[in-house]
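Here's a quick briefing for anyone meeting this protein for the first time. Have a look at the model, then read on.

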Amino acid sequence: MSTDRPAALTPTLPASRPVPAAETHAAPRRGFLAKAFGVTAVLSAAGSGLGLLRDLLLARYFGANQGTDAFLVAWTVPETAAPLLIEDAMSFLMVPAFALALVLREERPDGPDPVRQLVRATLPWLLLALSALSLGTALGADRLVDLLAPGLADPGLAVTCTRITAFTVLPFGVAGYLAAALRAHHCFTAPAGIYVAYNLGILGVLLGCHALWGVRSAAIGVALGSLLMAGLLVAPFLRRLRSGRPATGRRSPHALVLIPFALLPVAAFTLTRQAQVFIERFLGSGLPPGTISHLNYAAKVSQLAMTAAILICTVTFPLVARALAAGDLTAARDRVEKDLGQAAAVVLLGTAFLLACAPSVVALLFERGAFGPQDTAATAAVIRVYSFGLPAQALIGVMIRPYFSLRPVVRRAGDPGSDDGGRRLLDWYPAGAMVLGLVVTVTVGLLTTPRLGALGLAAGNAAGITAAAALLLRGLVLRGIALRLRLVLGGHARLLAAAVGAAALGTPVAALAAGPLLSTLLGGLTVALAFAALGTGLGAREVRGPVLAAVRALCPPPVADEGKLPHGR
C-alpha cells in the first residue's frame with residue numbers, strides 16, 4: 001500500500017465495474033440482515049438501558065448541582081471522542097476502506113491480502129496519533145475547562161475529572177477501528193456489545209465507590225469502561241484478520257492506495273456536529289446551577305429514539321459501502337432511500353411518544369433521591385423542545401454514511417488519483433452544512449436564552465440541526481447519489497402527519513392517567529396505535545407494510561374446505 005499526497009484525490013464517483021461471482025456469493029441474504037439487525041438492536045438496547053441506569057444513579061447519588069455540572073463538563077471529552085472515534089468519523093472512514101479491501105480480495109483471490117495491507121498501513125499510525133491526543137487532552141485540561149464552561153462554579157473538580165476522562169481517547173479510537181473492520185466483514189455481535197461493556201464498567205465503579213470518591217467515581221468508571229470496550233473487540237478482530245491470506249511484501253497492481261488527508265473533512269464534520277454540545281455547555285454555564293444537568297438528562301432520554309433509528313443504517317452501511325466500492329450507484333441509492341424512510345418512521349414514532357409522555361417518563365426514570373419534582377418539570381420541558389430536532393438528527397446519521405463512502409480514505413491503485421477542484425470542495429460540504437446549522441443554533445440560543453433559559457438552548461439545537469439536515473439532503477444529490485427527492489419527501493410528509501396526530505391523541509391520555517407508570521403506558525400505547533392507524537391510512541409504506549403483516553399474522557385467512565374444491569383444481 002502506498003500513500004497519495006493531498007493533491008492526488010480520487011474521483012467523486014467510483015467507476016462502474018462488473019460484480020464478480022465471488023462478491024455475489026458474499027452478499028448477505030435478507031435473512032442475515034434481519035438477524036444482524038435483531039442482534040444489534042438487542043445489544044444496543046441493553047447498552048442504552050445500562051446507560052440509562054448510569055444516568056439514574058448519577059441523578060440519585062448526586063442530583064443536579066454544581067458537582068454534576070463539573071462532571072458533565074469533563075464528560076465532554078468522551079462525548080466528543082465517542083462520535084469522532086467510534087460512531088461517526090472512524091466508521092465513515094474505515095467501513096468503506098475495509099469494504100473496498102474485501103471487494104479487492106474477492107476480485108483477486110491470489111496475491112497479498114488487501115485487508116492485511118490496510119491494517120498494516122493504518123493501525124500503527126492511528127495508535128500513535130491517539131496516544132498523543134489523549135496525553136495532550138490531559139495536560140491541557142485546565143485550559144479546556146475554561147474554554148468549555150468559563151462560568152462554572154467549581155472548575156477544580158471539572159479539571160480533575162477531565163484529566164481522568166482524557167484517557168478514553170486511546171481505547172475509544174481502537175474500539176472504533178476494530179468495530180468498523182468487523183462490521184465490514186458482516187460481524188455485528190461484538191461491535192453491538194461495546195456499550196454494554198462500557199456502561200458495565202461505569203456502573204461497577206459508580207456503585208462501589210460513589211461514597212468514597214464522589215462524582216470522581218463516574219469519571220474513573222468512564223475510563224475503565226473505555227478499556228472494556230476495546231478489549232471486547234480484539235479477539236473477534238484477530239480471528240477475521242487471520243482468516244484472510246497472509247500479507248506479503250510484493251506490490252500488487254490491484255493494491256490499495258492510502259489517502260491520509262481524506263480524514264480531514266470527516267473529522268471536521270464530526271467536530272462541528274458535536275459543537276452543538278459545546279455551545280450548550282458554554283451558554284448553560286452562565287445560567288442557574290443545574291441547567292447543564294437538566295440539558296444532559298433531557299438529551300440522554302431524547303436520543304434514545306434517534307439511536308433506535310440509527311441502528312438501521314448501522315447494519316446496512318457495509319452494504320452501501322460495498323455497492324459504492326463496486327460502482328453500483330443504483331443499488332446504493334435504493335438502499336439509502338429505504339434507510340431514510342425506515343429511520344424516519346422509527347424516530348417520528350419516538351418523537352410523538354416523547355411529546356406526549358415526557359413528564360411521566362422523566363418522573364418514572366429520575367424522580368428519586370436528590371432529583372426532585374422541579375428537576376422533573378425542567379427536564380421534561382427541555383425534552384419536548386429537543387424532540388423537534390430528533391428527525392433531523394436521525395436523517396443526518398443516515399445520509400452522511402453514503403456521502404463519505406463516495407470518497408473513502410483508500411482507493412484502488414489503478415484508479416485515477418486526480419479530481420477537479422469543484423468536486424474536491426464537495427468533501428467539505430457536510431462540515432459547511434453543520435457550520436451553517438451552528439450559526440442558526442447560536443443565533444436562536446442567544447436570542448431566546450435570556451428569556452427562556454434552557455428551553456432557548458434546546459430550541460437553538462433543534463433549529464440548527466434541522467437546517468443542517470436540509471442542506472445535507474441537497475448535498476447528497478450533488479455528491480452523486482441521485483435520490484428521488486419527491487418520493488423521499490412525500491413519504492416523510494405522511495410519516496410526519498401520522499406523528500403529529502399520534503402526539504395530539506396521546507398527550508391528553510397521558511395527562512389524565514394517575515401515576516408516572518400508568519401515564520407512560522397508556523400514553524405510549526395510544527401514541528403507538530394512533531401512529532400505526534394514521535400511517536396506514538395515509539399510505540406511509542414504512543408503517544403500512546408492518547401493520548398489514550401483523551394483521552395477517554394475527555388474523556390468517558380461512559382455509560378452504562378441500563372436499564368442496566372443484567375436481568381439476
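The protein's secondary structure comes to 23 helices and three strands; helices (H or I, at least four residues) and strands (E, at least two) are DSSP runs, numbered from the N terminus. This is a predicted model, where local features need pLDDT of at least 70, side-chain atom pairs count only at pLDDT 80 or more, and totals for chains, interfaces and linings use all residues. Residues are numbered from 1 along each chain as its sequence is written, and side-chain values use heavy atoms, with hydrogens and water left out.

**Overall picture**
- Of the protein's 569 residues, 55% count as buried (buried is under 20% relative accessible area, exposed over 50%, partly exposed in between, with a 1.4 Å probe and protein chains only).
- Take the contacts (heavy atoms within 4.5 Å) with a separation of 6 or more: 86% of them are between residues 24 or more positions apart.
- Carbon and sulfur atoms hold 68% of the protein's accessible surface of about 23,700 Å² (Shrake-Rupley method, 1.4 Å probe; for residues, only the protein chains shown count as cover).

**Leu228**
- Leu228 sits in helix H12, which spans residues 216-242.
- With a relative accessible area of 38%, Leu228 is partly exposed.

**His186**
- Look for His186 in the loop between helix H9 (169-184) and helix H10 (189-192).
- His186 isn't a glycine, yet it has a positive phi of about 60°.
- Most residues other than glycine have a negative phi.
- His186 is buried, at 16% relative accessible area.
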